[in-house]
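Visitor: I would like to learn how to read helix packing and chain contacts in a model. Please take one feature at a time.

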Amino acid sequence: MSKLDQLPEITDHVLSGLRADDSLKYHIYQKAAKPSSSSVKASRKPLAAALCAISAVMIAVFMLMGPLMGRNTASPDAVTKSESTPATQIQTIQAGSELDQSPVTPEEEKESSSEEEENEDPAQEEEITEPSAMP
Amino acid sequence: MIGSLLSLGSTDHPEMASGESSVSALSFDELYERYATDVLRVSYYYLGDRQRAEDVTQDVFVRLITTCPQLVPGREKAWLLKVALNRCRDLWRGAWLKKVVLGHPAFELFPADDEIGRLAENTALAEAVNRLPAGFKEVVLLHYYQGYGVSEIALMLDISEGTVSSRLSRARSRLQNDLKGDDVI
């Protein structure tokens, strides 16, 4: 009889202290009573998928909105609109009035005053005086 | 209670479980008393780690409770060992890197107190079987330790009978080389 054929007896000798006892059985009962980890994982899957979908949608929205918002600020219409607001009009007029205050020769003053009398109307003069009263 | 559950469940191993009326009448307690130690020792031979072997045994019997397979009478142990070997294989593959980096765990022996005197002469073979590659170890344990025939092992491991015979032959020659001077075969 070969030694391999004696493996059951040999194993009984060398591993005779290794036995499935009652404590292991108790652990089995405990583990079987708990919900399996696979079912817990399965219940987490839809939640994780929903979160991924939401984040993907949000990223896509931001990616689409970014270029659109950039276009709005860079478009020529927007520039003209912003320039034509009352505040910018006042600023440009103020800048013009400052230029007018620069020293000029009496001849130039006469010419310019005559031109102003011809071109300017009283409404614009009112607009010029209004911002100077502001702090 | 659990014994009654065993006759109601699914059949995930058709060759060892049956949908017919011949369902194993053994209760969980009876199956545990008869086969749990064998499952534990085969797992220990395979993994060389007592804690993991106990975990595998636990998983096997938890699966028995939760999946409730309709076991064919006389094939209960085959089903348990098949599930245990599958689990061991998973753990063995999972721990491959650890084994390579940290080395193979020492095959510790657990003799009963009155068996220590006769221990020395049998340790060499047990350790040599533990050192065999996983594929060889499976067939050696099922054939020489559990007493299954080649065709039954082929059925359990989903491999051909020729492969089982080949693995047994190569395992024997490896053991012969490993245990020089001892009459293994």
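Visitor: At what angle do the axes of α2(B) and helix α7 of chain B cross?

Guide: Axes are lines fitted to C-alpha atoms, for helices over the stretch in contact, and angles run from 0 to 180 degrees between N-to-C directions. Helices are DSSP runs (H or I, at least four residues), numbered from the N terminus. In this predicted model, α2(B) and α7(B) (residues 134–145) cross at roughly 150 degrees, and their axes come within 10 Å. The crossing is right-handed; that is, the near helix is turned clockwise from the far one by less than a right angle.

Visitor: Which residues of α2(B) and α7(B) meet?

Guide: Contact means heavy atoms within 4.5 Å. B:Asp38, B:Arg41, B:Val42, B:Tyr45 and B:Tyr46 of α2(B) meet B:Ala134, B:Lys137, B:Glu138, B:Leu141 and B:Tyr145 of α7(B). Ala, Val, Leu, Ile, Met, Phe, Trp, Tyr, Cys and Pro count as nonpolar, Asp, Glu, Lys and Arg as charged, and the others, Gly among them, as polar.

Visitor: How does α1(A) pack with α7(B)?

Guide: Helix α1 of chain A (residues 7–14) packs with α7(B) at about 100 degrees, the axes being 8 Å apart. That angle makes α1(A) roughly perpendicular to α7(B); the class spans 65 to 115 degrees, with under 35 roughly parallel, over 145 roughly antiparallel and the rest oblique. A:Leu7, A:Pro8 and A:Thr11 meet B:Val140, B:Tyr144 and B:Tyr145, a contact with five nonpolar, one polar and no charged residues.

Visitor: How much area is buried between chain A and chain B?

Guide: The size of an interface is often given as the accessible area lost when the parts come together. Here the area is summed over both parts, with a 1.4 Å probe. Between chain A and chain B it is about 3,300 Å², with 64% from carbon and sulfur atoms. A:Lys3, A:Leu4 and A:Leu18 supply 22% of the area that chain A buries against chain B, more than any other three residues.

Visitor: How many salt bridges are there between chain A and chain B?

Guide: Side chains of opposite charge can pair when their charged atoms come close. A salt bridge is a side-chain nitrogen of Lys or Arg within 4 Å of a carboxyl oxygen of Asp or Glu. The count between chain A and chain B is four. One of the salt bridges joins A:Asp12 to B:Arg41 (2.8 Å, N to O). B:Asp29 forms a salt bridge with A:Lys25, the closest N and O atoms being 3.4 Å apart.

Visitor: Which conventions apply?

Guide: Residues are numbered from 1 along each chain as its sequence is written, and chains are lettered from A and ligands numbered from 1 in the order in which they are written. Local features need pLDDT of at least 70, side-chain atom pairs count only at pLDDT 80 or more, and totals for chains, interfaces and linings use all residues, while side-chain values use heavy atoms, with hydrogens and water left out.

Conventions
Buried area is the accessible area (1.4 Å probe) that two parts lose on being put together, summed over both. Helices (H or I, at least four residues) and strands (E, at least two) are DSSP runs, numbered from the N terminus.
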